[in-house]
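Colleague: I have the sequence and the model open. Can we go through the fold step by step?

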Amino acid sequence: MVPPLAVFVATLIFKQKFDQQERQAGLTNIVMGLSFITEGAIPFAAADPARAIPSFMVGSAVAGGLVGLTGIKLLAPHGGIFVIALTSSPLLYLVFIGIGAIISGVIFGLLKKG
């Protein structure tokens, strides 16, 4: 969930570094990210892999690490926000995903050439 949500965060905070089409794609990425669909981040990663991929990796690692450290379990293999009730700690899970997305989005925005 983190990479597409990170794209949304980056296009929201660093608007000047993204063109109109990228900003519109950023808006659709929030829906995709919440649905556990990572494909919305692929065009951004393909266009600028040296900046996007490491940014996405850092935030995803932080989110995954926090989830792992707290022992949160997700009983469904896929589904995003639609299966959030199947986590052992829904609110904390969402907080950790948000933290990862913000970290990735800020890093991506700072690294992106404008």
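Colleague: What span should helix 5 have at 1.5 Å a residue, and how far apart are its end C-alpha atoms?

Modeller: This is a predicted model: local features need pLDDT of at least 70, side-chain atom pairs count only at pLDDT 80 or more, and totals for chains, interfaces and linings use all residues. Residues are numbered from 1 along each chain as its sequence is written, and side-chain values use heavy atoms, leaving out hydrogens and water. Helices are DSSP runs (H or I, at least four residues) numbered from the N terminus, and the expected span is 1.5 Å times one less than the number of residues. Helix 5 has 22 residues, so it should span 32 Å, and its end C-alpha atoms agree at 32 Å.

Colleague: Which helices do the buried residues of helix 5 pack against?

Modeller: Buried means under 20% relative accessible area, exposed over 50%, and partly exposed in between (1.4 Å probe, protein chains only). In helix 5 the buried set includes Tyr93, Phe96, Ile97, Gly100 and Ala101. Contact means heavy atoms within 4.5 Å. The partners of these buried residues are helix 1, helix 3 and helix 4.

Colleague: Which residues does Ile107 touch beyond four places in sequence?

Modeller: Ile107 sits in helix 5 and is partly exposed, at 27% relative accessibility. Not counting residues up to four places away, Ile107 touches Ser55 and Val58.

Colleague: Which residues make the nonpolar surface patch?

Modeller: Patch members have over 30% relative accessible area and no salt bridge; like charges are joined within 9 Å, nonpolar side chains (Val, Leu, Ile, Met, Phe, Trp, Tyr) within 5 Å. Areas come from the Shrake-Rupley method with a 1.4 Å probe, and for residues only the protein chains shown count as cover. Val95 of helix 5 is partly exposed at 40%. The patch covers about 340 Å² and is made by Leu91, Leu92, Val95 and Ile99.

Colleague: How many residues of helix 1 are buried?

Modeller: Helix 1 runs over residues 2-13 and reaches 16 Å, close to the 16 Å expected. Its buried residues pack against helix 2, helix 3, helix 4 and helix 5. Helix 1 is mostly covered, and the buried count out of its 12 residues is 10.

Colleague: The backbone oxygen of which residue lies 3.3 Å from a polar atom of the Asn29 side chain?

Modeller: Asn29 belongs to helix 2 and is buried at 1% relative accessibility. Leaving aside neighbours within four places in sequence, its contacts include Pro4, Leu5 and Phe44. The backbone oxygen at 3.3 Å from the Asn29 side chain belongs to Gly40.

Colleague: Which side chains meet in a salt bridge?

Modeller: A salt bridge is a side-chain nitrogen of Lys or Arg within 4 Å of a carboxyl oxygen of Asp or Glu. The whole structure has 1. At 3.1 Å, N to O, the pair is Asp48 and Arg51.

Colleague: What is phi of Phe36 near?

Modeller: Phe36 lies in the loop between helix 2 and helix 3. It is partly exposed, with a relative accessible area of 23%. Its phi is positive, in a residue other than glycine, and near 70°.

Conventions:
Helix = DSSP H or I, 4+ residues; strand = E, 2+ residues; numbered from the N terminus. Polar contact = N/O pair within 3.5 Å; in protein donor to acceptor, adjacent residues only side chain to side chain.
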